[in-house]
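Take them in order and find each residue as you go.

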Amino acid sequence: MKFLLLLSVIGLCWAQYSPNTQHGQTSIVHLFEWRWADIAKECERYLSLHGFGGVQISPPNENIVVNNPSRPWWERYQPISYKICTRSGNEDEFRDMVTRCNNVGVPIYVDAVINNMCNEGMGAGTSSTCGSYFNAKRREFPAVPYSGLDFNDGKCRAKSGSIETYSDAAQVRDCRVIGLLDLALGKDYVRTKVADYMNRLIDIGVAGFRLDASKHMWPGDIKAVLDKLHNLNRNWFPEGSRPFIFQEVIDLGGEAIKSSEYFGTGHVTEFKYGAKLGRVIRKLNGVKMASLRNWGEGWGLMPSDRALVFVDNYASQRGSGPGGASVLTFWDARLYKMAVGFMLAHPYGLAQVMSSYHWPRYFKNGKDVNDWFGPPNNNGVIKEVTINPDSTCGNGWVCEHRWRQIRNMVIFRNVVDGQPFSNWWDNGSNQVAFGRGNRGFIVFNNDDRPLSSTLQTGLPAGIYCDVISGDKVDGYCSGIKIYVSSDGNAQFSISNTAADPFIAIHVGSRL
């Protein structure tokens, strides 16, 4: 009996590492700041048809309203209550989105802001997305309710009340981050309020959570909250399914807090991934793509089965977090596609694709002073995500996940799932190639000269469509054709000036 109980506990622990995706769908996409109505449409018209595993959404709970025509993106990370009511939509629209996405096999992951409420300098009143009253200075949030007893002000060891050094783990976890009121998650009352909010979302049908600012919460407090969570809704998920958890922890080394402290409660965001890969693709400081042969743990990254990886996310593309200017984003589209292609072809980690919006960039003293801009809007009201005839997005939305090269690499990752890293080749510089068992092969030319080589692909003989330059359509290739001989070899030629200097083939793209 004790043995069966132990197996049950172990099963529950490991269950939160599963993203609860449909079989064979291995990547998730962050539809940053989208309206719930548009996400529902995107699940039905695109994501479910092109192999995307799930969607991370912006925080759905009530937040402050910043009185600015563009309303900054960061207002979503300053909660007022746990009412489901934001500029992305109301609770009815949220429920409709979750239902429609689940019905086509695309689960929803909520960005959960549970470390804090709004900034203490936000004053008092009803300037919030649902009109709830709050008084930040007096720590009053009656719509929850929270009072001054529910914050860590008395526990913080810094005189200012805010984090003064990251070498003190207690300060990082008990003091305010940039003035955000730090919740006392050590109290069962606060844990219960947070869990009630998350359980409400679980019961509606969400499949998991990104825990914002996890680095600023004690791992034991996170576990205590997670232990209170319901199993997933059985209308869409198998009995006993647990919510998928991934935690935002920035760990570059040299600080008191380590990513490994959070491995026991779920996946962890590996911010070093995009920072280091960006330096390689940009060829900074003489680093070559040939050095990526041992990419992953060999580069000091966390264990693959705990890593949530991305080339960029909403913070790093705005210069926050590690990497700075080395991080690749949609603003550097040619290199960005290569980096995302590499991520989706390589077996390391659970991959997340970013989907962004444009903002009016303006640099002053080397910093983009407009990176605070909120999503495309009319006087603060988020604009619809419109779809152009070529399937790209309009109305100010970037939609990287709809770029052919990225969409087809999401499919590539699904096709090669579970296959080993194989058939590595490089020229000692920035021309590299590798396979995934006998199901896929990819070649990059990031050198300043053309690539022309015969390479062992490991694939069955046949004619393959390159999924970067085009698609396999009705039995023909709209892009480049690659001929794999009976011995698995194929000739690859890639100009150093090509718009997309890489080629990818997989068994699903064979004619």
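Predicted model: local features only at pLDDT ≥ 70, side-chain atom pairs only at ≥ 80, totals over all residues.

1. Let's start with asparagine 408. Is this residue buried or exposed? Asparagine 408 has a relative accessibility of 5%, so it counts as buried. You'll find asparagine 408 in helix α9. Setting aside residues up to four places away in sequence, asparagine 408 touches Val467, Gly470 and Asp471. Now look for leucine 344: 64 residues separate it from asparagine 408 in sequence, yet C-alpha to C-alpha the two are 9.7 Å apart.

2. Be careful with residues 1-13, though, where the pLDDT is below 50. Beyond near neighbours in sequence, that stretch has 2 contacts in the model.

3. The unreviewed entry puts "Glycosyl hydrolase family 13 catalytic" at residues 26-413. In the model, that span is 23% helix and 17% strand, and its end C-alpha atoms lie 7 Å apart. The unreviewed entry also puts "Alpha-amylase C-terminal" at residues 422-510. Residues 422-510 are 0% helix and 52% strand, with 19 Å between the end C-alpha atoms.

4. On to the aromatic rings. How many aromatic pairs does the count come to? The answer is 36 aromatic pairs. Take tryptophan 34 and tryptophan 397: their ring centres are 6.0 Å apart and their planes sit at 65 degrees, and since over 60 counts as edge-to-face, that is what this pair is. Tryptophan 34 belongs to the loop between β1 (27-31) and α2 (36-45), while tryptophan 397 belongs to the loop between β20 (393-394) and α9 (404-416), so the pair ties together parts 363 residues apart in sequence. Both partners are buried: tryptophan 34 has a relative accessible area of 0%, and tryptophan 397 comes in at 2%.

5. Compare that with tyrosine 46 and phenylalanine 52. Their ring centres are 6.4 Å apart and the planes are at 40 degrees, so this pair is tilted. Tyrosine 46 and phenylalanine 52 are both buried. There is also an aromatic cluster to pick out, and its members include Phe32, Trp34, Trp73, Tyr314, Trp359 and Trp397.

6. Two arginines deserve a look too. Arginine 173 lies over the face of tryptophan 218, 4.7 Å from the ring centre. Arginine 306 does likewise over the face of tyrosine 17, at 4.0 Å from the ring centre.

7. Now helix α2. Which of its residues are buried? They are Trp36, Asp38, Ile39, Ala40, Glu42 and Cys43. The elements that cover the buried residues of α2 include β1, β2 (54-57), α3 (91-103), β5 (108-112) and β19 (386-387).

8. What does a polar atom of the glutamine 247 side chain lie 2.9 Å from? It is the backbone oxygen of tyrosine 262. Leaving out neighbours within four places in sequence, the contacts of glutamine 247 include Leu211, Ile222, Tyr262, His267 and Thr269. Aspartate 227 is 20 residues away along the chain, and its C-alpha atom is 16 Å from that of glutamine 247.

9. Valine 144 and proline 145 are joined by a cis peptide bond, with omega about 0 degrees. Proline 145 is in the loop between β8 (134-135) and α4 (169-174). Asparagine 20 is not a glycine, but has a positive phi of about 60 degrees; it is in the loop between α1 (2-15) and β1. Isoleucine 178, also not a glycine, has a positive phi of about 40 degrees and lies in the loop between α4 and β9 (180-182). Are these two residues buried or exposed? Asparagine 20 is buried, with a relative accessible area of 13%, whereas isoleucine 178 counts as exposed at 72% relative accessibility.

Conventions:
Residues numbered from 1 in each chain as written. Heavy atoms only, no water. Phe/Tyr/Trp six-rings, centres within 6.5 Å; stacked < 30°, edge-to-face > 60°. Helix = DSSP H or I, 4+ residues; strand = E, 2+ residues; numbered from the N terminus. Buried < 20%, exposed > 50% of the residue type's maximum accessible area, 1.4 Å probe, protein only. Lys NZ or Arg CZ within 6 Å of the ring centre and 35° of its normal. Contact = heavy atoms within 4.5 Å. Polar contact = N/O pair within 3.5 Å; in protein donor to acceptor, adjacent residues only side chain to side chain. UniProt positions renumbered as here; feature names shortened; annotations may be inferred. pLDDT = per-residue confidence, 0-100.
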